[in-house]
Amino acid sequence: MHRVGSAGNNANSNRPRKEKRLTYVLSDADDTKHCAGINCLKVLKSSNLCDYLFTGSRDGTLKRWALGENAASCSATFESHVDWVNDAILAGDNTLVSCSSDTTLKTWNCLSEGTCTRTLRQHSDYVTCLAAAEKNSNIVASGGLGGEVFIWDIEAALTPLSKSGDVTEDDCSNGVNGSANSLPMISLRTISSSNSISSHSTQSHGYSPIAAKGHKESVYALAMNDSGTLLVSGGTEKVVRVWDTRTGSKNMKLRGHTDNIRALLLDSTGRYCLSGSSDSMIRLWDLGQQRCLHSYAVHTDSVWALASTPTFSHVYSGGRDLSLYLTDLATRESVLLCMKEHPILQLALHDDSVWVATTDSSIRKWPAGGCNPQKVFQRGGTFLAGNLSFSRARVSLEGSTPVPAFREPTFSIPGTPAIVQHEILNNRRHVLTKDTAGSVKLWEITRGIVVEDYGKVSFEEKKEQLFEMVSIPAWFTVDTRLGSLSIHLDTPQCFSAEMYSVDLNITGKPEDDKVNLARETLKGLLAHWLTKRRQRPGSQASSNGDALSGRDITMRNLTHSRSEVDSIVENDSMVYPPFEFSTVSPPSIITEGSQGGPWRKKITELDGTEDEKDYPWWVLDCVLNNRLPPRENTKCSFYLHPSEGSATQILTQGKLSAPRILRIHKVVNYVLEKMVLDKPLDNVNTDGTFAPGHGGQLQHTAVGDLSFRSGLKPWQKLRPSIEILCNNQVLSPDMSLATVRAYIWKKPEDLVLNYRIVQGK
C-alpha cells in the first residue's frame, strides 16, 4: 500500500497550518461503475429477496449490486470516504462497515440508498483491514498502518447516549462523529497504555473501542472466530498475533512466515487459522497447540487473498502471481482454477462460485465448486503442494506450469478503466489523460467533461500536437490516485489565473472583463448548493442574494489575510457556460470545514445546509461575498523602446506595467495612439503604469491596467502598421505579456519590448 497523502488529510503535521483545500473529482462515466481497482467484496445472502454483493474500491466508493441469474445491477453507491476503501464487512443484516486510507471507519445502512450513519475516527494512519464475528454482529475489529488494532462494539458506537450538540471535533479529535446530517457526535474515553481500558471519560457520555496493543509495525490482515471472542492479526512483523477481544490482551504470537502477512482466516471455532504471506506460502496453524501444522507452497509470489469452504477443508487463494488456486488442506492436492490479468486482492465465495477482486475496476465470478470442491479436482491438472517456497518456484522455472481448470469467468461486472497518466496543458483548462485501456482523452476541467476522445493513440504524440505557446499561472494541481481526475484547489494560489471574457467566448460580458478561473469554477461547482441554500426557509439575502449563517466568516478571517473585493467582477452568482458542470455525470467535492473532518459528496447531492463547519472559509468568502485573497504576480513590468536603428520617436520613459494577460495587439494600439494622436509623455503615470487616454470611455479603470478605447476611430483607418519585437523576434498580436516573457524573453529581468513601423504596408 503506497503512502500518498489523501485530500484534506493534514493530521499529525508539525508544519505551519495550511488552509483547508477543496478538491473535486471528475467522472465522465456511468455512476454505476467503479473506476479503479477493487480492494474488497462481501456477499449478503438473502432468503426471500435477491442476494447482494458489496464492493469497495480504490476510487473511494462502495457499491451494492443486486444479483440475479448471471446478472448484476448497481442498486446503490456509498460515497463519503475521501481516499481508497481498503476493506468492508457486514455486521448483522443491515450494517455495512468500511475502512479507508482516509484513517476512518464508516458505518452504513447497507440496504439504504447510500446513507452513512457514522464516521469513526480513532486510527492515526491508513485503516487497512476489518474483521467481523459471524454470530455476534456487534463485534468488529480494525487494523491499520499505524500498528493499531481496535475492537469495536458497533451497537454501542452507533447509539447516541445523550444529545450533545455542543460537542465539537476539537473536544474529541480522535473521536466518533456522525456524517454531515446524521446523529450527534459522541466523545471517547481515553485508552491507557496497558491492555485494559481506563474507565474515566472526558464527558459523562461516550464510547471508545478496546485497543489491542502490541503491534509495533503496520497491520495488514485480521480475522475473527464466529462468536467474536478471538482475534488474529498479521502484518509487516511476519508473526501472527492472537488476541482476546473482550480485554484486548495478547494470547500468543506465532512465528514461521519470512515476509509480511497479508491474509488471515479463522475457522468457526477459532481453533484453526490460515495465513497467506508475501513469502508466497500459506500456513495452517493450530491455535490450541500454538504451532504450524502445514505449509503449502502453491503460489510463486505474494499471497494476498484467502477464502475457505464452510467446513474449513479447502482454501481458495490468490495474489500477486495473478493465479487463483484451490487446495485441499488434508491431502495437499491443489488445482489452478484460473489465471487473471491482474493481481488478486480479495475473494468472496457465493454458492458454487467465487467472486474475485483485482487491481482492475471490473469484478468477475468464476466457477469454484464451493459446495463440492472434489468436482473441480476431478477435472484433472492437479498437483501436490510442496512445503517449501522454493519447491514451487523451481517447478515454475522448469516450465511445468499447471493448466487452468477454467478459461472464462461465468459472469463479469464491468468497470471503467482507471486513468493512469495525465498532463496539464499550457492553457490550464485542459488535461490530457490516458487510462488502463490505452484510451487518450482531453478533459476541460472547468466544466468537468471530456471534450475529445482520441481513442488508442500515442499519449506523447498527442501531447506534442496540443502544445500551445501560452503562459497561464498554475492555479490547480491534479492527481489520479482515485482512478479519475482529482483537481485540487489551494488558496491563494488557485486565484492566480485570469483570462479575458473574449478568450473564454463568454457572450453578454464586455470583451476586456477579466475572469478569475478559480472563482468561476467554484461558482459552477456550488451552483446547486447555492440554489438549495436560497430555497431554505428563513435564509437571509444580502446584496448578491446570499448571506453567511452562523458566525460572521469575515471576522474570523481578519487574522488569516487581507481580503480584497474583486473590483472587476460584479457581485453575481451567474454561472457562465465555460464553467457549467455536468448534472448527468456530476463531479464530487472532497473538502472539510472547521468541524467534522474531510467529507465527499456529489455536487448535485448538496442540500444547502452545509456551511462554514463543512467548507473552507475561503471558499464561502469567494462564492458568497465575492472576496478573493491578495494575489501576487498579476502584473507584468516591461520597457517599451523603439527598435534599434529605427527612426521612430521615443514614446515612453521608464518602466510600464500591465496585466500579465494583456495581448500584444493592445500594445500595438497603445503605440499607435501615442504616435498618431501625438500623446504627450506626461500621459504616463509617475508609477510607470499606463494611464487612460483623452476622450472616449475605457474598458478598464483599475489602477495599473493598460487600457484602450473600444470601437474603430477615424484615425485608425489611416494608421501605419506597427510591429512589436522581443529579442529581435516579431511577436504575434495574440500573444500575452506572460507568454512573451516565458517563451521569448526567458530572463528574470524586466521584459523589454521594441516597436517599429513596417514600411510598405
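A salt bridge is taken here as a side-chain nitrogen of Lys or Arg lying within 4 Å of a carboxyl oxygen of Asp or Glu. The structure is a predicted model, in which local features need pLDDT of at least 70 and side-chain atom pairs count only at pLDDT 80 or more, while totals for chains, interfaces and linings use all residues. Residues are numbered from 1 along each chain as its sequence is written, and side-chain values use heavy atoms, with hydrogens and water left out.

In total, 28 salt bridges are present. One of them joins the side chains of Asp503 and Arg663, with an N to O distance of 2.7 Å. This pair links distant parts of the chain, 160 residues apart: Asp503 sits in the loop between strand S38 (498-500) and strand S39 (514-516), and Arg663 in the loop between strand S45 (656-659) and helix H9 (664-676). Helices (H or I, at least four residues) and strands (E, at least two) are DSSP runs, numbered from the N terminus. Relative accessible area (1.4 Å probe, protein chains only) sorts residues into buried, under 20%, exposed, over 50%, and partly exposed, in between. Asp503 is partly exposed because its relative accessible area is 30%, and Arg663, at 21%, is also partly exposed.

A salt bridge also connects Arg241 with Glu237, again given as N to O, at 2.7 Å. Both of these residues are buried. The bridge between Arg246 and Asp244 has its closest N and O atoms 3.1 Å apart. Arg246 counts as exposed because its relative accessibility is 59%, whereas Asp244 is buried at 14%.

Helix H8 (residues 617-625) has its axis within 12 Å of that of helix H6 (residues 527-535), and the two cross at roughly 70°. Axes are lines fitted to C-alpha atoms, for helices over the stretch in contact, and angles run from 0 to 180 degrees between N-to-C directions. Angles of 65 to 115 degrees count as roughly perpendicular, under 35 as roughly parallel, over 145 as roughly antiparallel and the rest as oblique; H6 and H8 are therefore roughly perpendicular to each other. Where heavy atoms within 4.5 Å define contact, Trp529, Leu530 and Arg533 of H6 meet Leu620, Val623 and Leu624 of H8. The residues of this contact divide into five nonpolar, no polar and one charged. Nonpolar covers Ala, Val, Leu, Ile, Met, Phe, Trp, Tyr, Cys and Pro, charged covers Asp, Glu, Lys and Arg, and the others, Gly among them, count as polar.

The axes of helix H5 (residues 517-525) and H8 come within 9 Å and cross at roughly 90°, so H5 is roughly perpendicular to H8. Arg519, Leu522 and Lys523 of H5 make this contact with Trp618, Val619, Cys622 and Val623 of H8. Five nonpolar, no polar and two charged residues take part.

Eight of the nine residues of H8 are buried, so this helix is largely enclosed by the rest of the structure. The buried residues of H8 are Trp617, Trp618, Val619, Leu620, Asp621, Cys622, Val623 and Leu624. Asn626 follows H8 and has a positive phi, near 60°.

Thr583 lies in the loop between strand S40 (564-565) and strand S41 (588-591). Thr583 counts as exposed because its relative accessibility is 63%. A distance of 6.9 Å separates the C-alpha atoms of Thr583 and Thr604, which are 21 residues apart along the chain.
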